[in-house]
Amino acid sequence: MDEQAWERLLNIKTAGRDDSQFDGEHRPYEPTPYAVLERLISTGYIGKRSTLIDYGSGKGRVSLFLAHETRCRCIGVEFDERLWERSLDNQKTAVAGKRVEFIHGDAVAFKVPKEVDCCFLFNPFALHTLKRVLANIFDSVYQEPRRLRFFFYYPYEETEAFLLNHVNLTVEDIIDCRDLFDGTDKREKILVLTVDEKIFG
């Protein structure tokens with residue numbers, strides 16, 4: 001389905017880029033294309049028993065889509081209050097709104113719940129902030145040992161190099177999305193990486 005068809009089916013309004021709050025630290029809002037999300041769910045990595053954090057959840061597209069299509073539970077974390085309020089509006093009308101929670105706050109200060117086993121990121125913040133967020137996630141895995149999977153969509157070159165060479169992360173898959181769009185943008189992919197409780201043993 002195209003973007004408008006998905007918006008009608010999910011009964012939400014998440015389209016449109018918004019860079020009014022871009023400050024170099026937090027990235028502009030740009031919704032993840034539905035075609036990319038369709039490809040992600042086709043892998044089977046996310047299921048009804050999954051609990052996923054969507055960092056930089058914006059207007060709520062990723063969380064509401066995944067909750068609807070996979071029956072997973074989603075937690076959206078958004079720094080921009082205006083976007084967070086839009087996500088709450090979408091939650092009220094969304095088909096799968098009851099399976100989603102949207103939190104207004106700083107990802108660095110957000111305490112990762114012990115049941116979280118997936119995280120989705122579409123370049124929500126700068127690399128040094130990502131490092132601090134990852135430290136929080138690793139701490140959560142240390143406190144509550146479990147396998148946790150990351151989905152990084154459209155990574156910047158610097159971010160990709162950092163992730164692929166991180167001692168605590170294992171590359172599980174690279175989901176190629178270039179064929180979904182015109183051109184051959186090599187960043188059109190989802191890096192799938194895992195952190196395992198064994199690294200803290």
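Guide: A salt bridge is a side-chain nitrogen of Lys or Arg within 4 Å of a carboxyl oxygen of Asp or Glu. The structure above is a predicted model, in which local features need pLDDT of at least 70 and side-chain atom pairs count only at pLDDT 80 or more, while totals for chains, interfaces and linings use all residues. Residues are numbered from 1 along each chain as its sequence is written, and side-chain values use heavy atoms, with hydrogens and water left out.

Visitor: Why can such side chains pair?

Guide: Side chains of opposite charge can pair when their charged atoms come close. In this structure, the side chains of Asp80 and Arg82 meet in a salt bridge, at 4.0 Å from N to O.

Visitor: Is Asp80 buried or exposed?

Guide: Buried means under 20% relative accessible area, exposed means over 50%, and partly exposed lies in between (1.4 Å probe, protein chains only). Asp80 is buried, with a relative accessible area of 10%, whereas Arg82 is partly exposed at 39%.

Visitor: How many salt bridges does a search of the whole structure find?

Guide: The search finds ten salt bridges. One of the pairs is Arg61 with Glu3, whose closest N and O atoms are 2.7 Å apart.

Visitor: Which parts does the pair of Arg61 and Glu3 tie together?

Guide: Helices (H or I, at least four residues) and strands (E, at least two) are DSSP runs, numbered from the N terminus. Arg61 lies in helix 3 (residues 61-70) and Glu3 in helix 1 (residues 3-10), so this pair ties together parts that are 58 residues apart in sequence. Arg61 is buried, at 2% relative accessible area, while Glu3 is partly exposed, at 32%.

Visitor: What does Glu7 form with Arg61?

Guide: The side chains of Glu7 and Arg61 meet in a salt bridge, at 3.8 Å from N to O. Glu7 lies in helix 1 and Arg61 in helix 3, so the pair ties together parts that are 54 residues apart in sequence. Glu7 is buried, with a relative accessible area of 11%.

Visitor: Where does Ile174 lie?

Guide: Ile174 lies in strand 6, which covers residues 170-176. Ile174 is partly exposed, with a relative accessible area of 43%.
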